[in-house]
Amino acid sequence: MEISMKKFTADCLEPVCAKRIRQDGSADCVIPDLLPDAAELVYVTGSALIRSKDLSEGAASVELNVAAQAVFAPEGGGALGCVELNIPVSLRLEDENINSDCRCMADYRLVSLEGKLLNPRKILVKADVSADISCWAESALELTEDTEDGGSGLNTLCTSVTLTPVKCVSEKTFVLTDEHMIPADRPAAEAIIGQSVTLTPEDLKIAGTKLIIKGTAKAKLLLSAADGSEMPLEFSVPFSQICETGTQCAEAVCTACVVPSGAYFELLRESEGRTVTAEIHAVAQFLCREKLTVPLLSDAYSNLHELTVSRSERAFPTVEREMTLRCNLEAAIETPYEARSVIAAEALAGPAEAEGSALRVPVSVSILYVDADGSRRLQKKRLTAELSCACAENETAEVTNVSVGEMFCVASGRAIELRAPVEAKALAVCEQKTECISGIERSEGRRGDVRELPSAVLVKVNGRGELWEAAKRYCSTVEAIRAVNSLEEDCEPAGERLLVPKVIT
């Protein structure tokens, strides 16, 4: 006879596939006739902008556009010139289980930008992008929490397990606008010749079905000044977005990646080159895991009948805790020319890789500096930031965000001293393996060993687990053992000898 089982069910999303994809793209540009010939390419900057995400049968496609600016020194000297390039980058994840009903997250980063002067009138720029793309499908978490059989001597052991199933994968688009004044101690600007933007989520809070994402958009501009010099301009625009999750989570672990889809910076002419307007279009992609304490039927026996118990082992990736990891990136970057001053610097952080108890983050650094002769020079360097990650042996670090803070660069002879804070947010995830009962069949015949067992026996018991095992072995019940030994419900035996009576009911 099959015993009816009481099931715990909860809607969730299960991973269909996930992959890190590295893809590059390139574009060339002819310098407009109004600009002079280029003598040397001195700086390349830009941002990777998301254009679209598309799900079809068997594939997820993400289209990006790297909006780049190539800054060059003209022949014969003078102010730096700039040309803009749009570099398309296509990312594609293929899997037979992907379909149009899936949810998709694309967390990508611009890893490097490299430029080359092909001839005095033509510039080539190559962009390298790394993306973590994941697809999710609707599913249901189902576990056996108890039996629905109320009698016939069936005894059940119910425990609980804490899980963090994914409940929501979604996104929201938004727009930021701001105006920023150029400090009075700096010259007025003539033109914007370089720009990049990054958006960093810093604080996530769940409130009912709403997720509140707070963070900062950081803009880095390179300006051509009225006095013929170049100057950097950096400013931040805070953002706060209320996103609908579509699910009620009492307690949740949420992660987000916020990426730009457009970035527009202009000098207000009526401000005489002293005000920059910013319009940043962005997409906030977010994933919410609900913390659930799930009841679980872990064992069962009968004092009257033989039972055939079917068990299954399940593995659940479970978030143990959230981590914020920090380190200072410091380096003395050698230069082929004596460095007099630093004009601008930019760092592109690549995807983090776990190595033992550390996270290693590749950082591509570009520094525009002035040498002793007054010429502008570009120095590039690939560095590695190492962040200590205190994960337990059974845990892995799931990195959700990496950012490089404000860079401090000082010219020092034939080197540039660099210092920058690096921060990574990560989840400590363990694969929780749980054995649970999936089915029980009860025979019509009586349990064969009942008559052979003594009516009572003294057993040394240490802990609740051994108490259950003693009751199961000697045809008793936990309640009967507690009653005959005057043990309160909250009292846990600690190595004492207990009387275990035989109970045939």
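Is glutamate 290 buried or exposed, going by its relative accessibility? At 10% relative accessibility, glutamate 290 counts as buried, where buried means under 20% relative accessible area, exposed over 50% and partly exposed in between (1.4 Å probe, protein chains only).

A quick note before the views: this is a predicted model, where local features need pLDDT of at least 70, side-chain atom pairs count only at pLDDT 80 or more, and totals for chains, interfaces and linings use all residues. Residues are numbered from 1 along each chain as its sequence is written, and side-chain values use heavy atoms, with hydrogens and water left out.

**View 1. Glutamate 290 pairs up with lysine 167 in a salt bridge.** The closest N and O atoms of this pair are 3.8 Å apart; a salt bridge here is a side-chain nitrogen of Lys or Arg within 4 Å of a carboxyl oxygen of Asp or Glu. Glutamate 290 sits in strand β13 (residues 275–290) and lysine 167 in strand β8 (residues 166–181), so the pair ties together parts that are 123 residues apart in sequence. Helices (H or I, at least four residues) and strands (E, at least two) are DSSP runs, numbered from the N terminus. Lysine 167 counts as buried too, at 18% relative accessibility. Searching the whole structure turns up 27 salt bridges.

**View 2. Here glutamate 244 meets lysine 210 in a salt bridge.** Their closest N and O atoms are 2.5 Å apart. Glutamate 244 belongs to strand β11 (residues 230–244) and lysine 210 to strand β10 (residues 210–225), so this pair ties together parts 34 residues apart in sequence. Glutamate 244 is partly exposed at 39% relative accessibility, and lysine 210 is partly exposed at 36%.

**View 3. Lysine 472 and aspartate 299 join a helix to a strand.** Their side chains meet in a salt bridge (3.1 Å, N to O). Lysine 472 is in helix α1 (residues 464–473) and aspartate 299 in strand β14 (residues 292–302), 173 residues apart. Lysine 472 counts as partly exposed at 25% relative accessibility, while aspartate 299 is buried at 6%. Salt bridges with shared partners link Asp299, Arg311, Glu435 and Lys472 into one network.

**View 4. Glu479, Glu488, Glu489 and Asp490 make a negative surface patch.** Patches are made of residues with over 30% relative accessible area and no salt bridge; like charges are joined within 9 Å, and nonpolar side chains (Val, Leu, Ile, Met, Phe, Trp, Tyr) within 5 Å. Glutamate 479 lies in helix α2 (residues 478–484) and is exposed, with a relative accessible area of 58%.

Key:
Areas by Shrake-Rupley, 256 points an atom, 1.4 Å probe, with all protein chains shown as cover. Lys, Arg positive; Asp, Glu negative; His and termini not counted. Charge placed at Lys NZ, Arg CZ, Asp CG, Glu CD.
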